[in-house]
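Welcome, and thanks for opening the viewer. Could you set the display to cartoon and keep the selection tool at hand? We will go from stop to stop together.

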Amino acid sequence: IIQEDSKKASLFVANEIAGLIQEKQKEGKKAVLGLATGSTPTKVYDYLVQFHKEGRLSFKNVITFNLDEYYPMQPNSLHSYVRFMNEHLFNHVDIGAENVHIPDGSLSPEEIRDYCLDYEKKIENVGGIDIQILGIGRTGHIGFNEPGSSLNSKTRLIRLDRVTRLDAASDFFGQENVPMRAITMGVGTILSAKKIILMAWGEGKADVIQQSVEGQIKESIPATFLQHHNNCDFVLDDASSSKL
Ligand code: GLP
């Protein structure tokens with residue numbers, strides 16, 4: 001789905017998410033969202049907050065699972081995805097704190113394995129993710145599933161790629177401050193969502209989008225695994241779709 005610019009594309013995605021939340025609400029059910037961080041989804045969150053402020057959308061029946069978090073990372077750190085999500089979405093809507101799930105970057109190394117298994121269980125126990133939104137890294141990563149991640153990978157601790165750490169350097173005031181690792185949902189976790197929406201804006205993503213959509217499915221570009229999913233949209237602006 002190609003829109004002229006990221007604003008129009010973000011409104012399109014926000015409308016899809018709001019539509020799902022309202023539909024589930026009518027049925028008396030909960031909507032389960034898989035959420036992403038990075039600069040790409042911020043306008044979608046702005047629109048969702050706007051809909052809420054206009055009285056059109058409630059998050060009382062919404063459960064969320066975030067894709068990933070740096071490791072180690074304290075939740076109150078300037079760089080944490082917990083802080084990111086609070087600032088961009090959760091602080092501005094009526095979601096219950098008990099319904100928000102973000103991988104915990106403050107665990108000890110011994111606690112991580114069980115924690116990741118439990119994260120998977122929690123997703124399963126609420127019936128799976130209805131809509132998973134994704135950005136994409138220049139390495140072709142989704143969540144923090146770097147090149148080499150396998151099709152069936154689950155939530156786990158991973159080592160970040162050099163390119164990803166380079167791209168995050170300005171957020172951390174220098175590459176040396178970017179954590180070496182992260183906790184991420186796996187490719188398999190992402191693919192088990194009922195619907196997936198990957199968003200990408202700008203010329204810088206054009207190459208990786210071309211490879212992800214038209215290229216051979218391979219571990220070296222994890223986003224190509226999305227070709228296996230039967231309900232996955234790429235929502236793009238003119239620039240990111242320019243090499244298709
Ligand atoms: C980080 C996130 C990814 C995101 C990627 C792209 O690595 N963990 O989920 O897709 O950045 O970032 P941006 O949206 O800022 O281009």
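## A guided tour

Begin by selecting Leu 134: leaving aside neighbours within four places in sequence, Leu 134 is in contact with Ala 36, Ile 142, Ile 196, Ile 197 and Leu 198. Two residues are in contact here if their C-beta atoms, placed from the backbone, lie within 7 Å.

Before moving on, a word on what you are looking at. This is a predicted model, in which local features need pLDDT of at least 70 and side-chain atom pairs count only at pLDDT 80 or more, while totals for chains, interfaces and linings use all residues. Residues are numbered from 1 along each chain as its sequence is written. The protein averages a pLDDT of 98, and 100% of the residues score at least 70; pLDDT is the predictor's confidence in each residue, from 0 to 100. For the complex, the predictor gives an ipTM of 0.94 and a pTM of 0.97.

A residue is buried if 20 or more other C-beta atoms lie within 10 Å of its own, exposed if 12 or fewer, and partly exposed in between, with C-beta atoms placed from the backbone.

**The ligand.** Which residues are closest to the ligand? Select Gly 38, Ser 39, Thr 40, Gly 135 and Gly 137, the closest of the 13 residues that surround the ligand. To be counted, a residue needs its C-beta atom, placed from the backbone, within 6 Å.

**Helix H5.** Go to Val 163, which is found in helix H5; helices (H or I, at least four residues) and strands (E, at least two) are DSSP runs, numbered from the N terminus. Val 163 counts as partly exposed because it has 15 C-beta neighbours inside 10 Å. Beyond its neighbours within four places in sequence, Val 163 is in contact with Arg 138 and Thr 139. Val 163 and Gly 137 are 26 residues apart in sequence and 8.9 Å apart in space, C-alpha to C-alpha.

**Two backbone stops.** Follow the loop between helix H5 (162–168) and strand E8 (181–184) to Phe 173. Phi of Phe 173 is near 55 degrees, a positive value. Finally, select Tyr 71 and Pro 72, joined by a cis peptide bond with omega about -10 degrees. Pro 72 sits in the loop between strand E4 (68–71) and helix H3 (81–88).
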